[in-house]
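The questions below ask what lies behind some of the labels given to a structure. Each answer sets a value against its cut-off.

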Amino acid sequence: MDQHLLSIILFTPLAGLAVLLFIPGSSKNVIRIWANVVAFAGFLVSLPLATRFDKGASGFQFVERAEWIPSLGVQYLIGVDGISMLLIMLTTVFGFIAALSSWNAVEERVKEYYAMFMLLQTGMIGVFLALDFFLFYVFWELVLVPMYFIIGVWGGPRKLYAAIKFFLYTLAGSVLMLLGILALYFQYHAQFGAYTFEIANLMKVVLEPGMERWVFWAFFVGFAIKVPMFPFHTWLPDAHVEAPTAGSVILAAVLLKMGTYGFLRFSLPLLPRASNDVEIVRILAILSIVGIIYGALVCLMQKDWKKLIAYSSVSHLGFCTLGIFALNPNGIAGSVLQQINHGISTGMLFLVIGVMYERRHTREISEYGGIAHVMPKYAIVFAIAMLSSAGLPLLNGFVGEFTILQGAFEANRVWAAFAVSGVILGAAYLLWLYQRVMLGQVTNGKNLRLPDLSAREMAVFLPLIAWALWIGVYPKPYFDILEKPVQQLVERVKPGYYQGQAALKAGVR
Amino acid sequence: MVNFLDSIWLIPLFPLFGAAVMLLFGKKFDPQPKSEVAVAPGVTYVEDDHGHSHGHSHSHDHGHDHSHDHGHDHAHTHDSAHEHDEAHGAHGHGHSALRSLVSLLCPGMVLLSFIFSVGAVLQLAAKSERVHEVIQFTWLAGLPFHMADGRMATFGADWGFLLDPLSSVMILVVTGVGFLIHVYAVGYMGHEAGFYRFFGYLNLFVFFMLMLVLANNYALLFVGWEGVGLCSYLLIGFYFHKKSAGDAGKKAFIVNRIGDAGFILGILLMLAVTGSVRFLDVNAALQSPAFHAETEAFGILSLMALLLFIGATGKSAQFPLYVWLPDAMEGPTPVSALIHAATMVTAGVYMVARSNALFQLTPSTSHIVAVVGAFTAIFAASIGLVQNDIKRVLAYSTVSQLGYMFLALGVGAYWVAVFHLFTHAFFKALLFLCSGSVIHAMSGEQDMRYMGALKDKIPVTHWTMFIGSVAIAGIPGLAGFFSKDEILWQTWSSPLGSHALYAVGLATAGMTAFYMWRLMNMTFYGKSRVSAEAAKHIHESPATMTIPLSVLALGSVLGGWIGVPKLWSAFGDGFRLFETWLEPVFTSHSAAEAVHAAGEAHHDTGTEWLLMGVSVTIAIIGISIARYMYHTRPELSDSMEASMKPLHTVLLNKWYVDEVYDFLFVNGLSKGGGLLMGAFDRGVVDGAVNGAGWVTRLSSSASIWWDTWIVDGAVRFSAFLVKALSYPVRLIQTGQVQSYALYVVVGVALFFGYFMAGK
């Protein structure tokens with residue numbers, strides 16, 4: 001099974017989709033059950049990936065290779081390292097959570113809704129699996145389509161505006177990225193006389209510095225829009241606010257990570273000199289820090305609950321990109337861990353909003369207040385989600401943030417000094433939100449009879465809370481998994497970083 | 001015999017267990033959950049438009065959820081008076097068996113921690129080297145990094161515990177005083193709604209506090225540090241239906257976070273410089289010859305110390321980050337006693353004392369610490385002079401006393417700071433609990449202007465509070481005297497101290513005596529100003545409250561006798577136990593010697609006696625003035641207020657610091673910045689995107705125009721041209737076969753003619 005494990009993970013949702021097509025659209029509950037079964041199966045088949053993954057091995061594992069379009073040098077080439085393994089687990093877990101959380105949320109076009117999610121799931125897993133740039137690009141674009149429909153069909157009042165904005169923004173980025181890919185592709189041909197999209201091969205291409213910088217910026221636009229980095233972030237609040245809950249959850253938890261993943265899988269290894277260019281790194285670090293502070297400050301004045309969380313993503317993802325461009329082991333490992341953490345905590349926060357939205361159909365913060373009296377279980381879940389997002393120790397967020405800050409501090413102390421303000425502001429906007437929604441007296445009569453969390457809703461949150469605690473208390477397995485791929489990345493971008501480690505380790509714990 | 005030393009990791013876990021039971025299953029122990037719904041006046045249930053359209057189970061749940069009916073029938077507000085009515089047991093909700101389980105379990109868990117702490121400390125005392133470390137597993141398992149000097153180190157921290165003389169003192173204070181306060185809270189909170197929730201949070205707090213003081217490294221200390229902040233947030237906001245409580249909790253958390261940001265950077269700098277966060281490693285590194293005392297300039301170590309101190313100013317409420325502590329009095333009084341007086345707020349003192357190896361090398365930062373401490377001491381005391389809320393007086397007093405501790409730390413008298421922390425834990429916890437007992441007796445009234453002459457009505461509370469006030473005022477023989485006098489003496493005599501700092505400390509001592517006796521006089525003596533309604537209910541508190549008061553009063557009397565001045569050597573070494581016990585933690589090391597070389601605190605016996613006399617005199621003067629102004633001639637205080645109106649107003653408004661902060665940070669930075677940036681998003685970024693869209697539309701219009709008129713025009717023009725040119729042809733293409741035949745004939749004739757002519 002091992003040799004086709006990744007394909008099984010990749011195509012399980014698609015197989016589910018094939019069966020779904022034969023279920024009549026009117027039997028909504030059958031569709032729901034089937035969708036949940038498929039999503040759960042998607043998670044189950046991904047479990048062996050976690051258990052059989054060899055932490056000690058460098059390079060890619062579970063690799064599958066087949067010719068696809070030989071004349072263009074395109075292959076079906078998939079495999080994972082520690083970074084993509086963690087992101088795939090994140091994807092399969094959230095695939096299930098998204099399906100489970102949608103049970104009551106969608107009444108119209110149920111079949112199409114779940115079909116889109118299954119397609120999306122395959123697309124996202126494909127992005128994290130692909131080791132062939134062409135294949136990657138196919139999945140990258142594939143993700144765009146179902147998400148466009150999820151926002152555009154099942155979204156809120158301004159869904160069309162948001163969907164088109166989302167689509168055009170990301171498409172614009174992808175086009176530039178495609179140019180970058182083609183540049184590498186033809187350069188490879190020029191230097192080695194063959195056509196290939198295989199990443200391992202493209203890494204051999206030596207571009208002249210000016211060219212490399214251009215390709216870097218082309219990639220950058222593609223990935224930065226996806227992350228989103230300041231100032232390419234304005235599609236995000238609109239998309240989040242209009243998307244249905246599960247759409248927001250997937251968008252925040254997984255989709256944004258495609259951007260950061262792109263930096264790690266393509267920008268850094270393929271363009272190591274540009275990635276290590278002092279000027280470029282400085283610009284990216286500054287954009288990240290601006291994103292951290294800017295996102296947090298904008299959060300402080302939001303009246304819309306969901307928009308607030310959307311902007312908090314800009315802030316959190318700023319930490320992730322800052323970690324990447326610290327270009328040292330802790331920065332990058334912390335960044336990957338924080339990507340997982342952001343998935344968990346922001347995913348939870350969007351689910352928290354979704355629970356309330358299903359009951360009240362408004363996201364205006366001023367509509368609420370005193371909810372803790374009415375929904376005590378919900379109050380606890382929300383509090384944990386909020387604290388996890390605010391980086392409270394013993395929950396997941398702290399470990400990621402602290403590790404990133406260490407990496408940033410090592411790279412440039414001023415960066416860390418500015419980034420740390422995100423920690424203060426994060427607490428400020430989250431606590432303020434919590435206070436306005438949950439604490440105080442019930443001031444709105446409509447809120448007096450809200451039912452507390454149902455068993456299904458608890459089932460959505462409990463695994464995420466457990467995960468948050470696990471990373472907060474015992475993150476060692478994650479660092480173990482990340483150690484090798486991060487080492488390879490750092491050695492690629494900063495050759496010799498690890499040298500002398502053995503000799504100089506004396507005197508240190 | 002239990003090996004308590006190897007079981008120190010259990011000490012925090014007992015209260016964690018209690019907290020987990022309470023928070024997960026506590027609701028089942030609480031017979032009155034429904035009274036938690038607080039509804040604003042006049043708000044009644046309104047059917048939501050969307051309520052039923054989505055097949056939601058609203059209607060199914062109605063029958064089960066008591067809160068609904070409650071919302072209809074008792075749309076009332078909880079104010080504190082109301083809750084204290086409840087606390088009197090007037091409602092007749094008896095203790096259920098489950099409730100007594102809560103009352104036994106939560107204090108019991110802390111008692112268990114206390115027993116294990118005592119056992120561990122006794123076993124530590126028996127060891128020759130008084131350091132014991134228990135490491136359980138790797139918590140943060142980070143990756144390699146480059147230190148500042150280019151060496152490689154690994155970023156990481158253990159889940160490990162360190163018991164040494166310093167943490168011994170701390171765990172005894174936390175579990176001992178903590179246990180007494182838990183017992184008190186059983187009585188005080190007995191009939192409050194959310195009893196289980198309160199004890200769950202309180203136990204959780206003890207867990208984090210014990211993590212903080214037992215951690216063997218800065219990162220794990222930070223876990224406790226943030227955790228106690230969280231519990232403080234939860235407990236301040238315990239009456240969360242009150243907006244002021246929610247606000248205060250949030251303020252505490254955010255102001256603390258500002259300090260934490262400094263602390264984090266300090267830890268990161270420490271990693272970069274020493275390569276570790278483990279106390280023993282850091283100390284060993286700092287004591288190695290690689291580091292020198294930064295006597296000349298403000299170097300990297302001074303920066304590191306300063307960053308740590310910034311963290312301490314947040315947690316320990318020092319200027320300028322003290323603003324959260326007075327507001328924190330919104331929490332229930334046992335919380336004020338435990339968290340905001342005895343334990344959590346001293347975490348900053350503990351942390352600086354823990355980092356003494358660093359601070360010994362950084363005289364300039366130490367000087368900053370001393371100045372900030374002294375300033376905070378006198379500044380907070382000045383505000384305390386005029387406050388009328390009994391808990392606020394104590395809150396400013398706490399800020400002020402914490403300032404003393406930092407003054408001691410700043411002049412290098414680390415053991416004295418910890419000593420004052422120790423004695424303060426007794427008398428300030430006592431004072432807060434007494435104030436709670438007063439408030440309890442007064443049916444929730446906290447304003448001292450509506451008290452007076454309570455002495456005989458609540459005698460136990462009065463006498464224990466009397467002892468606490470004598471102790472804090474610095475009257476010889478009681479705990480506060482020993483520690484405060486030692487601080488003043490060290491400030492005078494230490495090479496890092498100065499006579500100016502001493503003067504500030506002395507003035508603060510006088511002010512302390514004054515405001516405490518102002519409080520005593522306004523509350524217990526003179527004429528009664530109690531409202532008729534409250535007067536009916538005045539009663540002494542139950543035994544669960546008075547017994548802890550008595551034990552703490554005993555501690556406030558005796559607690560100082562383990563640290564008598566050197567002058568009193570006649571008492572023997574046992575009376576100087578505190579200093580000798582802590583000596584191994586605070587030994588000055590070789591590099592730090594340079595700082596002290598300037599002059600080892602040379603013991604001038606005469607001066608010390610003289611100074612002791614001065615400080616006692618000052619305390620007595622303070623007490624006398626307060627007695628004169630508020631007891632002998634109470635009208636005098638009003639006329640003085642009137643004659644010094646501006647000063648009084650400024651003090652009453654706490655020097656307007658909160659207003660300045662609000663203006664600068666809340667309105668200026670956050671809201672203004674947020675608004676500005678929201679505008680930036682809409683205006684500039686989206687503007688650019690929309691602009692690009694507009695340009696696209698414009699250009700597409702242009703291309704449409706181009707297409708329509710130029711490209712299509714060209715096409716159409718050619719069509720027109722063809723059409724025009726074909727016009728004559730069309731004229732003759734009539735479709736009539738006859739005409740075609742005619743043309744053919746004509747054509748043939750023309751051809752024929754042409755050929756013929758050519759021939």
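**Labels and the values behind them**

Q: What makes helix 21 of chain B mostly covered?
A: In this predicted model, 22 of the 26 residues of helix 21 of chain B are buried. A residue is called buried if 20 or more other C-beta atoms lie within 10 Å of its own.

Q: How do you know that the span of helix 21 of chain B is close to the expected one?
A: Helix 21 of chain B runs over residues 499–524 and has 26 residues. From first C-alpha to last it reaches 37 Å, and 38 Å is expected at 1.5 Å a residue. The expected span is 1.5 Å times one less than the number of residues.

Q: Which residue with a positive phi follows helix 21 of chain B?
A: That residue is G526(B), with phi near 70 degrees.

Q: Why is A317(B) called buried?
A: A317(B) has 31 other C-beta atoms within 10 Å, so it counts as buried, the cut-off being 20 or more. A317(B) lies in the loop between helix 11 and helix 12 of chain B. Its phi is positive, about 55 degrees, although A317(B) is not a glycine.

Q: Why does L327(A) count as buried?
A: L327(A) has 23 C-beta neighbours inside 10 Å and therefore counts as buried; 20 or more are needed. L327(A) is in the loop between helix 13 (305–326) and helix 14 (329–360) of chain A. Phi of L327(A) is positive too, near 55 degrees, in a residue other than glycine.

Q: What is the omega of the cis peptide bond that joins F319(B) and P320(B)?
A: Omega is about 5 degrees for the bond between F319(B) and P320(B). P320(B) lies in the loop between helix 11 (300–315) and helix 12 (324–327) of chain B. In chain A, the peptide bond from F230(A) to P231(A) is cis, with omega near 0 degrees. P231(A) is in the loop between helix 8 (209–226) and helix 9 of chain A.

Q: Which residues have the most contacts inside the largest nonpolar core?
A: They are F205(B), L214(B), A417(B), V418(B) and A429(B), in a core of 439 residues. Helix 18 (residues 414–441) of chain B gives the most to this core, with 20 residues.

Q: Why is this core said to lie between domain 1 and domain 2 of chain A?
A: Domain 1 (1–276) and domain 2 (286–488) of chain A both give residues to the core, so the core lies between them.

Q: What is A429(B) in contact with, leaving aside neighbours within four places in sequence?
A: A429(B) is in contact with V177(B), I181(B), A337(B), A341(B), A342(B) and L552(B). Two residues are in contact if their C-beta atoms lie within 7 Å.

Q: How far apart are the centres of domain 1 and domain 2 of chain A?
A: Taken over C-alpha atoms, the centres are separated by 23 Å. The contact takes 39 residues from domain 1 of chain A and 41 residues from domain 2 of chain A.

Q: What is the confidence in chain B?
A: The mean pLDDT of chain B is 80, and 84% of its residues reach 70 or more. Over residues 50–94 of chain B the pLDDT is below 50. Beyond near neighbours in sequence, that stretch has 65 contacts in the model.

Terms used: Residues are numbered from 1 along each chain as its sequence is written. Chains are lettered from A and ligands numbered from 1 in the order in which they are written. This is a predicted model: local features need pLDDT of at least 70, side-chain atom pairs count only at pLDDT 80 or more; totals for chains, interfaces and linings use all residues. Domain bounds come from an automatic or database domain assignment. Helices (H or I, at least four residues) and strands (E, at least two) are DSSP runs, numbered from the N terminus. A residue is buried if 20 or more other C-beta atoms lie within 10 Å of its own, exposed if 12 or fewer, and partly exposed in between; C-beta atoms are placed from the backbone. A nonpolar core is a set of buried Ala, Val, Leu, Ile, Met, Phe, Trp, Tyr and Cys residues joined through C-beta atoms within 7 Å. pLDDT is the predictor's confidence in each residue, from 0 to 100.
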